[in-house]
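Here is a short report on one protein chain. Look over the sequence and the model before reading on.

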Amino acid sequence: MSVSVQIPYALRQECGGQSEVMVTADSVQQALVVLKDQQPTLYRNVCDETGAVRKHINLFVNQSLIHRKDGLQTKLGAGDLLFIMTAVSGG
């Protein structure tokens, strides 16, 4: 399935300034594997050395946080949007 991975502004410099990367994947996990191969610098900012999503990153499929669904096994369909969201904090 062709899926659009939406890149937040803070990470666009890690993938040549792109706001969107297209991947072919059936699950969020597969999409991350494709990102690892196609956009390794971006992948290292999203996942740690064990392959786990970094604590300051949230992933959404369309409008749903994947942690509330099936986590990395969340299924993807044609035309789905996978959003990478970075945490914002301050004081």
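The side chain of Ser4 makes a polar contact with the side chain of Gln6, at 2.4 Å. A polar contact is a pair of N or O atoms within 3.5 Å; within protein, one must be able to donate a hydrogen and the other to accept it, and residues adjacent in sequence count only if both atoms are side-chain atoms. This is a predicted model: local features need pLDDT of at least 70, side-chain atom pairs count only at pLDDT 80 or more, and totals for chains, interfaces and linings use all residues. Residues are numbered from 1 along each chain as its sequence is written, and side-chain values use heavy atoms, with hydrogens and water left out.

Ser4 belongs to strand β1, residues 2-6. Strands (E, at least two residues) and helices (H or I, at least four) are DSSP runs, numbered from the N terminus. Ser4 counts as buried because its relative accessibility is 5%. Buried means under 20% relative accessible area, exposed over 50%, and partly exposed in between (1.4 Å probe, protein chains only). Leaving aside its neighbours within four places in sequence, Ser4 is in contact with Glu20, Val21, Met22, Asp80, Leu81 and Leu82. Contact means heavy atoms within 4.5 Å.

## The sheet

The chain has 2 helices and 5 strands. From the N terminus, the elements run β-β-α-α-β-β-β. In what order do the 5 strands lie in the sheet? The order is β2-β1-β5-β3-β4, in an open sheet with mixed pairing. β2 (20-24) and β4 (64-65) stand at the edges; each has a single partner strand, so one side of each is left without a neighbour in the sheet.

Two strands pair if DSSP finds at least two bridges between them. Two of the pairings are set out here.

| Strands | Sense | Bridges | Opposite residues |
|---|---|---|---|
| β1 and β2 | antiparallel | 5 bridges | Gln6 and Glu20 |
| β3 and β4 | antiparallel | 2 bridges | Phe60 and Leu65 |

In a regular strand the side chains alternate between the two faces of the sheet.

Asn62 sits in the loop between β3 and β4. Its phi is near 55°, a positive value in a residue other than glycine. Asn62 counts as partly exposed, because its relative accessibility is 32%.

## The helix on the sheet

Which residues of α1 are buried? They are Val28, Ala31, Leu32, Val34 and Leu35. These residues cover an arc of only 160° around the axis, which puts them on the same side of α1. The arc is that of the directions from the helix axis to the C-beta atoms. The buried residues of α1 pack against β1, β2, α2 (40-46), β3 and β5.

## The whole chain

Buried residues make up 37% of the 91 residues. Among contacts between residues at least 6 apart in sequence, 50% join residues at least 24 apart. The C-alpha trace spans about 40 × 30 × 25 Å along its principal axes. With 91 residues, a compact globule would have a radius of gyration near 12 Å; the chain has 12 Å, which agrees. That radius is taken over C-alpha atoms, and the globule rule is 2.2 Å times the number of residues to the power 0.38.
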